Amino acid sequence: MRMLHFYKSKRYLLRMLLSITILLVILLSLSSAVLHYSAEHRVLQMQQDANRKVMSQINHNLTFMQEIVNNIALSLYNDERFYFPLMSTSEQEDIDIIYSINQLNKAMDSQSFLHSILVYNGHSDKSYALGPLADRMEESYMTGRLVDMIKKPEKLPQLQLIPMNFSGRPNAVDFFSIVIYESFTSMNDRESALVLNVKPEWVFDNLQVVNGFSAPDESSIFLMDKDGGFILSGAEKNLPELNDLSYALDGDQATHDESFGFFSHKFHGKGESIVSYLQMGVAGWKVISVQPYDAVLGSISQMRETFAIVIASFLLFGILVSFALAHKLYRPIEALLSRVTRHGGVIEETREPIRDELAYVGSVYGQMAEKLSFVTDEKDKQKEIVRHSYLRSILTGSSSFSRHQLEACIDKYGLGLDPAGPYLVIVGKIDDYAAVLSRTSESERQLFAFATANIAGEILSPLRISCEMVDARSDHLVLLLSGGALGSELPVLPDLLHRLQDIMMDYYKLSLSLSFSEISRSHETITDQYADALHYSMYKILFGRRSLITPDLVGPNVAHTEYAVSTEMEKKLAEAIKTNDLNAMETAAMQLLAPLHACHYDHIIHGVLHLVDVIKTTIREINQNRITSLPIDLGTLSRQVLDKETLSDIRELLGATLRDIHEKRRGAEQDTNVALIEAIKDIIENQYADMNLSLQGISATLKMTSAYVGRIFKQSELVSVGEYLNEVRLTRAREYLETKSFSIKEIMELVGYVNESTFFKLFKKKYGVTPKEYRLKSNIG
């Protein structure tokens, strides 16, 4: 019980033991299977070769025996001492016949394999039998049956061994006959014949040779004639079912054309057997051997049993050895487990269940490594935070550090600064920072800053210049350079910084605009240098993205502290907006922006915002004089201008704004003109009877100048206001003439005319007749 508990607690040891045992079992089983298969295959191959050789020898013996018998038959047939007395057509003396028969007896006695001899004289229909077929012999009844076979019209095969079975036993043979007729024609015309009968034992003794090769008591061997009939040797107890055997032989012969065959087949009632056969050259016979499968492979079965015993013994020995080895190999693991457990190795409950001791140790180690890594990371983070804090303090308050304090900080926190100077501050602004901020994560932006510092350090390292990156936590990076070649003013610095910009763009798709301060030899001026470099970076608004801004480049702008706005250009811009002249608007706006290229950054911003204010003020004035305000929202234009990074972007924004104003004003004017035309038509339709109605009165009603009203109406309707007024009045007069009984004068006054001649003149001009004539024709019609 104690031993069982011990192994249950030592799960890794138990796994080792099981693994070794299973491996041994698999290896031994595979080895046993391979050896057994190989041995079985080899034994079958050897049995096949042996059967082939023996059957070939039997074929040779039987063929040779048939030739001997044929030779004896032919010699007797050709001997006149036998032929004329016994087979010829002439009558012979009895003494000659007796003499011939005696000579035949002597010939038969000289050949031990001859069973009997039969001579049939077809001319006299007499037969002469010698041996067991003679008169008063036990087998004499067979003589008549043999003679009957000879008398048949179809001849028996000549000079071939023919099995004869007159006893009635199934598949048995009484003797084998060799027949020679008088002639060699195919039909029997009462011909004489000589028949030599061979003892069956002479054939079957040859067959028993192969049967005795393996398991003679359980095997059987026999012949099959050319017609498929079986010729048995008398040992029938081991025969399989003959129909089943014929089916198996036909199936194997269909697979190949060789004369020899060797295959296994499972017979009904006999189990699996090995069948060998050989097509012989004697009378189309086939010799067949059937051997029990287990009898042939009996040695293999014994070997299998022996091998099973060896495997079991080896397995038991292997298990004992594996126990000893496993315990020895387990000692270091047990010692390690003891130390881990002794030092308080506890697994968190949320972890996966422990499979074995090594998994337990690994899990404890993993937890300890995680905790150690966490502590180390936190320590490094704290150190890095303090390091960056000191760098920012140096950058924003360098004058508060003495030389000794600076050297102490450099030594303690490993700052990449040369306490002896000189110093240079570079500010790198990320172009299109809002877009970069939207498409990147915080970790990616930290990577950009880290990469910038490393690449800058690599580029400047050949010049022995130290480079330190200061985390500014905004849209720009700060590189603090010190020592080395900075003392010689470094004329190649712009080229090196251009290279930094190219690398960041090629590898990180990050556009940087760089600006740097003057070189200073005292660390106390680092803060002022940072302020100068940061101020210079603002001039990216003039020099564009990926610009390199040097103190010399922006010196004139910084010194230019005066700025005066061109009031004349402002008036031109306002007038162009009011008249909706797009070309004039764009020209005036660009002329107002052009002087800003030489101004201080503050004046640039002021000038741009002032230009925006002129546009917004002008639009407000236009809306004050309109019934409906223009659908133009300029409330965010100032913020949009301030969001742009370059003056070129601002120029494009203002151009787009002016084009939008132009398009919307043009659309609004078209809508206004339509409303104005409709208003004029409504006034005329409602007040055409007023004799004082005119263009001036309509314009006064609409609070517009008569020239503007007349021009807009004429452009839209292609007729003047007065012509349209006369058209309406004359149309109403015609309607009155057709439908009312008023007098001509009354109708004239109703439609707003004072002078009768003017009314008649205009009516006749429009309708071709005077009002009286029109009424007369209307009444007649």
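The model is predicted: local features require pLDDT of at least 70, side-chain atom pairs count only at pLDDT 80 or more, and totals for chains, interfaces and linings use all residues. Residues are numbered from 1 along each chain as its sequence is written, and side-chain values use heavy atoms, with hydrogens and water left out.

Two packed helices are described by the angle between their axes and the distance between the axes. Helices here are DSSP runs (H or I, at least four residues), numbered from the N terminus; axes are lines fitted to C-alpha atoms over the stretch in contact, and angles run from 0 to 180 degrees between N-to-C directions.

Helix α13 (residues 442-460) and helix α14 (residues 493-508) have axes that come within 10 Å and cross at roughly 140°. That angle makes α13 oblique to α14, where angles under 35 degrees count as roughly parallel, over 145 as roughly antiparallel, 65 to 115 as roughly perpendicular and the rest as oblique. The contact (heavy atoms within 4.5 Å) involves residues of α13 including Phe448, Ile455 and Leu460, and residues of α14 including Leu496, Arg499 and Tyr508. By class, this contact of α13 with α14 has 12 nonpolar, 1 polar and 1 charged residues; Ala, Val, Leu, Ile, Met, Phe, Trp, Tyr, Cys and Pro count as nonpolar, Asp, Glu, Lys and Arg as charged, and the others, Gly among them, as polar.

Helix α18 (residues 567-578) packs with helix α19 (residues 582-593) at an angle of about 155°, their axes 8 Å apart, and the two are therefore roughly antiparallel. Among the residues that meet are Glu570 and Leu573 in α18 and Ala588 and Leu592 in α19. The residues of the contact of α18 with α19 divide into 9 nonpolar, 1 polar and 2 charged.

Helix α25 (residues 721-739) and helix α28 (residues 771-780) pack at about 45°, with axes 9 Å apart; α25 and α28 are therefore oblique to each other. Arg734, Tyr736, Leu737 and Glu738 of α25 make the contact with Pro771, Tyr774, Arg775 and Ser778 of α28. Here the residues divide into 4 nonpolar, 1 polar and 3 charged.

The structure also holds 4 cavities of 30 Å³ or more, a cavity being a set of points on a 1 Å grid over the protein atoms alone where a 1.4 Å probe fits but cannot get out.

Methods
On a 1 Å grid over the protein atoms alone, a cavity is a set of points where a 1.4 Å probe fits but cannot get out, and a pocket is an open set with protein on both sides within 12 Å along at least five of seven lines; lining residues have an atom within 4 Å of a point. Grid points are joined across faces, edges and corners, and a volume is the space filled by probe spheres set on the points.
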